[in-house]
Amino acid sequence: MDKSEPFYGPDFSQLAREDPEIAQVLLDEVDRLRGGLQLIASENLTSGAVMAALGSTLTDKYAEGYPGRRYYGGCEVVDRAETLAVDRAKALFKADHANVQPHSGASANLAAYAALLQPGDTVLAMALQHGGHLTHGSHVNFSGRWFDVVSYGVRRDTELIDHDEVRELAIRHNPKMIICGATSYPRLIDYSVFRGIADEIGAWLFVDAAHTIGLMAGEAVPSAVPYADVVTFTTHKTLRGPRGGGLLCTEELAERIDRAVFPFTQGGPLMHVIAAKAVAFGEALRPEFKRYAARTVENAAALTEGLAAEGMRPVSGGTDTHLALIDLRDLGVSGAEAERRCALAGITLNRNVIPYDPEPPTVTSGIRIGTPCVTTQGMGVGEMKEIASLVARAVLDSGAVTSVLQRVKVLTATHPTYPREE
Ligand SMILES: Cc1ncc(COP(=O)(O)O)c(C=O)c1O
């Protein structure tokens, strides 16, 4: 490290000297990222500026509380990072209030439940098998254990959310909160319909925008903020920031949300991550991010059309977002097997249950694909067409592994992940 540099931050040679085993893990992971195509819909590649904030001395600081009202001394500097993060999030999402302390999307969701409900209250949310998240009522999660969760799904024929079912269930069960937002639903969610149903029965509307928040920031999909009482999000998916979570809410709920995060569900905030979130919000406020979000959606549509042309059926017929869900049942390959075959060919994606899946979650009949990473690498519609054909060959032709891998290497060489400095 340059001794005249006032910043104290990452020094890889020190890590390599002091802990060669972990240094090697870091090197191997960069190598893995650079050597293949990352099609996991919930991942992205953060900027060097975000990484610099993450690898800073802000990790050392205890700052329980909120800017200007901390339970520790010496917070005047880190307060500035959190104030910037909150102000930027409010500007980016046109929200009355933002809380940037949740350590993850699941922690943000726990805080949303804690702010609005009491244990035992009824919640209406999307079924996990139809695209919902574990925190939307799974019995292995706090949500399913501590709340009485009623689930809605998608229609068998259209594979779209059945608004009639949502309304009927809402009227029959009178939930205190309705959740929408999903982990593997490729289509737009009509927040105004959900708002209408919530108003009809006097329920809170909580939108979990973990996946689409970056697309909302870049105005590539409609924002949930004008409709929801609370919006939760992650910062590491389409938003391309550090791993973490956050909440947006109306002024009316601001104090309840803040108390639900700290002191109710979390202790000291991760100030280095909050600084990195501020950097990511700042990046998302720039015009380039709008172009990135629009391209991510365009790329997903092109990739999905390409896969459909190869006989790989997209659930619901396509996508409006950054991700697609592919039904492999007619191809005689399970999701787990497709994931394994793609991995051999240098393509990383994940198995995923499809609606009404006859297979268990460890096997599944589907795969989920997403374009946040490849779009960050600068790939466009032309590359998506090629990737669709590579995925199809990797899944359907076991003799094609070597030739697919060769093409993957060409794509990653021309659109490098974390390019090396010349
Ligand atoms: C809809 C949804 N909510 C919440 C989460 C949880 O986020 P995290 O993994 O940061 O806890 C996810 C993660 O995939 C998600 O897809």
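Predicted model: local features only at pLDDT ≥ 70, side-chain atom pairs only at ≥ 80, totals over all residues.
Residues are numbered from 1 along each chain as its sequence is written.

His133 lies in the loop between β5 and α6; helices (H or I, at least four residues) and strands (E, at least two) are DSSP runs numbered from the N terminus. I recorded His133 as buried because it has 23 C-beta neighbours inside 10 Å, the cut-offs being 20 or more other C-beta atoms within 10 Å for buried, 12 or fewer for exposed, and partly exposed in between, with C-beta atoms placed from the backbone.

I then turned to the UniProt record, an unreviewed entry, which lists Leu128, Gly132, His133, Leu134 and Glu251 under "binding site". These residues are spread over 124 residues of sequence and also in space, up to 30.9 Å between C-alpha atoms. I keep in mind that UniProt positions are in the numbering used here, that feature names are shortened, and that annotations may be inferred rather than shown by experiment.

Leu128 is buried, with 24 other C-beta atoms within 10 Å, and its contacts beyond four places in sequence are Leu134, His136 and Ser138.

Last, I checked Asn109, which sits in helix α5 (residues 105–116) and is in contact, beyond four places in sequence, with Thr135, Asp208 and Thr232.

Conventions. Contact = placed C-beta atoms within 7 Å.
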